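Please work through the following exercises on helix packing with the sequence and the model at hand.

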Amino acid sequence: MSADAVHAGAWAGLVWALRRDLRLAARSAAEVLVVLGFFFVAVTLFPLGVGPDPRVLRLIGAGVIWVCAMLACLMSLARLFAADFADGTLEQMLLSEMPFGAIVCGKIGAHWLTTGWPLMLCTPLVGVQFGLDVTEVGVLLLTLALGTPVLSLIGGIMAALTLGLRGTGALLALLLLPLYVPVLIFGVGAVDAYSAGLGIEGQLSILGAELIVALVGAPLAAAAAVRIAID
Amino acid sequence: MAASIDAGIGAGLEVRGMHCERGQRVLIDALDFDVPAGSVLTVVGPNGSGKTTLLRALAGLTQARVRRVAWRRVPIALRSAAWRAQLAYVGHQPGHKDELTAAENLELACVLQGGPAEPADRSRVLDEMGLAARSQLQVKRLSQGQKQRLALARLALSQRSLWLLDEPAAALDVQARDLLATIVARHIARGGTALIATHDPIDLPGARSAQLCLGLAGALPPAAMHAPAEVLAAARSDVR
């Protein structure tokens, strides 16, 4: 096959998987809404638990929203490959001429569009509860825009590695949350730096670098892990 | 030992020195076989003898050591894109999404198989499989046999030349078994090749076919373990 044909096949695989998973998500919209609902409820518990002191709330706001976004992301990751593994469609994908890495990439893209993206849309609403002002919410959204795709990408690797095991949920959390720490530190760090009147280019650059590395490596790593799990 | 039907006819699949293990157990050792173009190889054997492993290894889903695989006389690597482009596989799970309709599942599968199936082709095949009235139903509302018929529809639309079918008739009624035989016969007539693992060989009148019997390697004496004789390959008497 020529390089052009491989390129076209990869693109076709990505688009095929993206459209398929989005269509499936539309059919089972409840699953998407449950994740969003979890995010909303979990974030809302903090102002109720910590108390109404506006200084404290403003201080913890970005961190709470980021942690809850990670947990919400984790909830939906367990099913990323497991459902297709159970009904045999994953096998059919492995047998396609379209590169499997591209199909995995499309699936991860669909995961972000059905979790990371809706979480971002909710963020201005929940930000109000912590007294974050408009520009702070803007910075928070910027970090989420760079960071949540990394959550889906790294999550894809771990979801593939735990494929076919029992009690995947807790194991996935144990494996995945430590890997999310760098995203959390720089995501929250950017908002804190902005609130303190400092520059945020450094944190955003590191988040961007994490995104690029994850974008290049994660789909291929996840594809390799799926092959091992199917064997 | 080779289960060759007739080496003179169009070259299809040639496998030499295949070795598969599951866990610590050797299931298939030093297996050689040929499946010429336009013929069927029925893989039979007791439960646990490695029928599924053989097909999955050929599909590249399970690791296996193979000394040589050639497709149409050209050596080819299992798991390569060129190899995958030849394969259609029907395994134990039907491979449909429950939330989507039968028609949608078929459409997705056609794109995945790289086949240029037109909507008209798809509805014709659904009709042939007796699923026309149910094509707009979600697959979770179909019975087990109907799901398997949908897998047959996918197969019927496949342009791939090597079919690997693992117990394709397991949940099918008599009528659907005839459909399966028709589809396979049509594929063979086009010069296609099929490996079918089954306990209940499909009757394909007129089609050239051979049988590959897998023995239980674990039950054989150690001396025979490495001899190809553990795989008793017998050409059926009606083979010409």
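Two exercises with worked solutions follow, after a note on conventions.

This is a predicted model, in which local features need pLDDT of at least 70, side-chain atom pairs count only at pLDDT 80 or more, and totals for chains, interfaces and linings use all residues. Residues are numbered from 1 along each chain as its sequence is written, chains are lettered from A and ligands numbered from 1 in the order in which they are written, and side-chain values use heavy atoms, leaving out hydrogens and water.

**Exercise 1.** Determine how helix H3 (residues 54–77) and helix H7 (residues 116–129) of chain A pack.

*Solution.* Helices are DSSP runs of H or I with at least four residues, numbered from the N terminus. The axes, lines fitted to C-alpha atoms over the stretch in contact, lie 10 Å apart at an angle of about 150 degrees. H3(A) is therefore roughly antiparallel to H7(A), the term for angles over 145 degrees. Next, A:Leu57, A:Ile65, A:Ala69 and A:Ala72 of H3(A) meet residues of H7(A) including A:Leu119 and A:Val126, contact meaning heavy atoms within 4.5 Å.

**Exercise 2.** Determine how helix H4 (residues 119–128) and helix H5 (residues 144–157) of chain B pack.

*Solution.* The axes of H4(B) and H5(B) are 9 Å apart, and their angle is about 135 degrees. Finally, B:Asp121, B:Arg122, B:Val125 and B:Leu126 in H4(B) meet B:Leu150, B:Ala153, B:Ala156 and B:Leu157 in H5(B).

Technical notes: Axes are lines fitted to C-alpha atoms, for helices over the stretch in contact, and angles run from 0 to 180 degrees between N-to-C directions. Helices (H or I, at least four residues) and strands (E, at least two) are DSSP runs, numbered from the N terminus. Angles under 35 degrees count as roughly parallel, over 145 as roughly antiparallel, 65 to 115 as roughly perpendicular and the rest as oblique.
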